[in-house]
Amino acid sequence: MSDTIQNFPPPSDSGASSLKTAVLVGAVIAMLAANVYLYMQVDVLKTEIAKIRESIATEVTNLRENSTATSATHRKSIETLKSELEAARRTAATAASHAKSEAESHADQIAKQLAAEQKRQEQ
């Protein structure tokens, strides 16, 4: 075995080591500060999202109520229109029946007059 002497680098000065430690501590503090800041932002976002959800729920409820009221009004209008249509149909049927009756009476009267006139001409 050969004897080799290993050369190790001389120990670094303590100034560079303390600078590295200070930079490392500063980086850790900066990361902690960033985490605290991000946590606060997340908390603000959670609050805003809760408010938005509540607002959306209120709007949906209002829309449902308005839709229900509008549907009820439309149903009432449709029922009113159906009643009016039925009344108009009855009135039209009555008027048609009356007109038919008058037309038949008038036709009978003309037929009688025609028959009377023919009798008079035959005499």
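In which helix is the place of Leu 32? I located Leu 32 in helix α1, which covers residues 14-122. Helices are DSSP runs of H or I with at least four residues, strands are runs of E with at least two, and numbering starts at the N terminus.

Basis. I worked on a predicted model, in which local features need pLDDT of at least 70 and side-chain atom pairs count only at pLDDT 80 or more, while totals for chains, interfaces and linings use all residues. Residues are numbered from 1 along each chain as its sequence is written, and side-chain values use heavy atoms, without hydrogens and water.

Overall content. I found one helix and zero strands in the protein. Of its 123 residues, 0% count as buried (buried is under 20% relative accessible area, exposed over 50%, partly exposed in between; 1.4 Å probe, protein chains only). The protein exposes about 11600 Å², and carbon and sulfur atoms supply 61% of that area. Accessible areas come from the Shrake-Rupley method with a 1.4 Å probe, and for residues only the protein chains shown count as cover.

Surface patch. I noted that Leu 32 belongs to a nonpolar surface patch with Leu 24, Val 28 and Met 31. Together these residues have about 400 Å² of accessible area. Patches take residues with over 30% relative accessible area and no salt bridge, joining nonpolar side chains (Val, Leu, Ile, Met, Phe, Trp, Tyr) within 5 Å and like charges within 9 Å.

Salt bridge. I searched the whole structure and found one salt bridge (a side-chain nitrogen of Lys or Arg within 4 Å of a carboxyl oxygen of Asp or Glu). Glu 117 pairs with Arg 120, and their closest N and O atoms are 2.9 Å apart. Both residues lie in helix α1, three residues apart, about one turn of the helix. I recorded Glu 117 as partly exposed at 33% relative accessible area and Arg 120 as exposed at 55%.
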